[in-house]
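Please keep the sequence and the structure in view while reading.

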Amino acid sequence: MKLGLELLAAVELEFRPGDYVELELMLDGHAVPGSVGRDNYELHLLLAPGRRLGATGRLNVINFDWRPWGLNTGARPAWPVHFPKGRGGSLEVRLQSNVVAGETQARAQLVLRAVALCTNRAGATSRAAAEWPLSSATIRLRETAGALYIALPPLPAVPA
């Protein structure tokens with residue numbers, strides 16, 4: 001199975017040059033290899049609700065050269081990383097950003113999306129996605145050493 005995580009705006013968010021969003025998938029307190037993703041904003045931008053502001057698995061620079069992709073779409077999608085299907089343990093997302101300052105602001109402004117991909121033996125790929133507003137009482141957040149850790153609920157089931 002491959003897993004990618006995306007952070008979406010629940011409200012309109014303002015970005016200025018020098019702003020960044022960094023996400024990393026953590027399993028039992030250890031970083032999942034290849035999962036770190038960072039979005040560096042080099043322009044002033046108002047991001048509409050529902051748009052992606054960060055994602056795992058890639059480095060993304062948002063500047064004026066980015067126009068062919070389209071500024072209204074938000075950040076690029078996650079690049080899913082290999083994640084053992086059925087793997088137990090504590091699954092969290094580490095969020096570091098100078099745009100989101102703490103748990104209260106994160107709960108009011110963000111939504112987390114998980115995208116899971118699975119390829120069967122015949123080579124066909126199936127996809128499942130789930131979204132969780134961070135304002136939900138079922139989402140656990142904790143702040144440690146300048147980062148916010150978001151505990152993931154059960155992942156979406158991917159048909160085989």
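The points below are grouped by topic. The structure is a predicted model. They cover the nonpolar core, ring interactions, backbone angles and the surroundings of one arginine.

**Nonpolar core**

- The largest nonpolar core comprises 39 residues, and the members that touch the most others are Phe15, Leu53, Leu110 and Leu112.
- Several strands each supply at least two residues of this core, among them strand E1 (2-9), strand E3 (19-27), strand E11 (110-119) and strand E14 (147-151).
- Leaving out residues up to four places away in sequence, leucine 110 touches Leu7, Leu8, Ala10, Leu13, Leu53, Leu95, Val100, Pro133 and Leu134.

**Aromatic rings**

- One aromatic pair is found in a search of the whole structure.
- Phenylalanine 15 and tyrosine 41 form a stacked pair, because their ring planes lie at 15° and planes under 30 degrees apart count as stacked; the ring centres are 4.0 Å apart.
- This pair links distant parts of the chain, since phenylalanine 15 belongs to strand E2 and tyrosine 41 to strand E5 (residues 37-41), 26 residues apart.
- Both phenylalanine 15 and tyrosine 41 are buried.

**Charges over rings**

- Arginine 38 is placed over the face of tyrosine 20, at 4.2 Å from the ring centre.
- In arginine 142, the charged end sits over the ring of tyrosine 149, 4.4 Å from its centre.

**Positive phi angles**

- Most residues other than glycine have a negative phi.
- Aspartate 28 has a positive phi, near 50°, and is located in the loop between E3 and strand E4 (30-31).
- Aspartate 28 has a relative accessible area of 44% and is therefore partly exposed, as this class lies between the 20% limit for buried and the 50% limit for exposed.
- Alanine 145 has a positive phi, near 50°, and occupies the loop between E13 and E14.
- Alanine 145 is exposed because its relative accessibility is 77%, and exposed means over 50%.

**Arginine 140**

- Arginine 140 belongs to strand E13 (residues 140-144).
- With a relative accessibility of 60%, arginine 140 counts as exposed.
- Arginine 140 is in contact with Arg107, Tyr149, Ile150 and Ala151, when neighbours within four places in sequence are set aside.
- Arginine 140 and isoleucine 150 are 10 residues apart along the chain, and their C-alpha atoms are separated by 6.0 Å.

Notes: Residues numbered from 1 in each chain as written. Predicted model: local features only at pLDDT ≥ 70, side-chain atom pairs only at ≥ 80, totals over all residues. Heavy atoms only, no water. Helix = DSSP H or I, 4+ residues; strand = E, 2+ residues; numbered from the N terminus. Buried < 20%, exposed > 50% of the residue type's maximum accessible area, 1.4 Å probe, protein only. Contact = heavy atoms within 4.5 Å. Core = buried A, V, L, I, M, F, W, Y, C linked by side-chain atoms within 4.5 Å. Phe/Tyr/Trp six-rings, centres within 6.5 Å; stacked < 30°, edge-to-face > 60°. Lys NZ or Arg CZ within 6 Å of the ring centre and 35° of its normal.
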